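Subject: Handover of a protein structure

Dear colleague,

Please find below the structure that I am handing over to you.

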Amino acid sequence: MSSSDTRRIVILRHAKAEWSDGDDHERPLAERGRKDAPVAGRWLAGSGITPDLAMCSTSARTRETWKLAVHELPERPRTVYEDRMYEASLGELIALLNEVSDEVNDLVLIGHNPGMHGLADALAGESEGDLLARMNRSGFPTAAIAVLTFSGSWKDVEHGVGRLIAFWSPHA
């Protein structure tokens, strides 16, 4: 693969989680989240995108979302559970993307808001139709997915580099 090939970033916010007074990192999915996560996986499978790599936050709700979603895909990508994604800032998320090997063409990130919404918004220098406005109006709900394309190396990912080509939410 040359660095000029088109790459895709699939940004998946974890599904609906239970509220708890306990440890936020260990909050499990709520019943609605357990229903929405496989639906998100089916949407991703139907999109024709076959991720080479999944990068998932280590929180219980993101791990559970991915476990339920990935079973819907025709092929299971290599999955890395990344501590740095939990409560990551926009800059930290972009730095993680910059570390991805150029052998990866399609990447799925499973994380949290406001980071996932912020990342999709920041990377989208352009979008198809009104997708960007629709995504921003929605607030990037739980189990939502944004798909962006860009050309070049992962090392070159920065603000405005991508094109938002899809935005989906289970309750839109």
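The peptide bond between N113 and P114 is cis, with an omega of about 10 degrees. As background, most peptide bonds are trans, and most residues other than glycine have a negative phi.

Please note that this is a predicted model, in which local features need pLDDT of at least 70, side-chain atom pairs count only at pLDDT 80 or more, and totals for chains, interfaces and linings use all residues. Residues are numbered from 1 along each chain as its sequence is written, and side-chain values use heavy atoms, with hydrogens and water left out.

E87, which is not a glycine, has a positive phi of about 60 degrees. E87 belongs to the loop between β3 (78-82) and α3 (90-98). Is E87 buried or exposed? E87 is exposed, as its relative accessible area is 63%; buried means under 20% relative accessible area, exposed over 50%, and partly exposed in between (1.4 Å probe, protein chains only). F140 also has a positive phi, near 55 degrees, and is a residue other than glycine. F140 sits in the loop between α5 (131-138) and β6, and F140 counts as buried because its relative accessibility is 0%.

**Overall build**

The protein has five helices and seven strands. Along the sequence they follow the pattern β-α-β-α-β-α-β-α-β-α-β-β. The C-alpha trace spans about 45 × 30 × 30 Å along its principal axes. For 172 residues, a compact globule would have a radius of gyration near 16 Å, and the 15 Å of this protein agrees with that; the radius is taken over C-alpha atoms, and the globule rule is 2.2 Å times the number of residues to the power 0.38.

Of the 172 residues, 51% count as buried. Among contacts between residues at least 6 apart in sequence, 77% join residues at least 24 apart, where contact means heavy atoms within 4.5 Å.

**Strand β1 and its partners**

Six of the eight residues of strand β1 (residues 6-13) are buried, so β1 is largely enclosed by the rest of the structure. Which way does β1 pair with strand β6 (residues 145-151), parallel or antiparallel? The two strands pair in the antiparallel sense, over seven bridges; two strands pair if DSSP finds at least two bridges between them. Here I11 stands opposite A146 in β6. With strand β4 (residues 106-111), β1 pairs in the parallel sense over six bridges, and R13 has G111 in β4 as its bridge partner.

T149 is located in strand β6 and is buried, with a relative accessible area of 16%. Beyond its neighbours within four places in sequence, T149 is in contact with T6, R7, R8, V161, G162, R163 and I165.

**Helix α2**

In helix α2 (residues 60-70), the buried residues are A60, R61, T62, T65, W66, A69 and V70. Their cover includes β1, α1 (31-46), β2 (53-57), β3 and β4. In general, an α-helix has 3.6 residues a turn, so residues three or four places apart point the same way.

Yours sincerely,
A colleague

Conventions:
Helix = DSSP H or I, 4+ residues; strand = E, 2+ residues; numbered from the N terminus.
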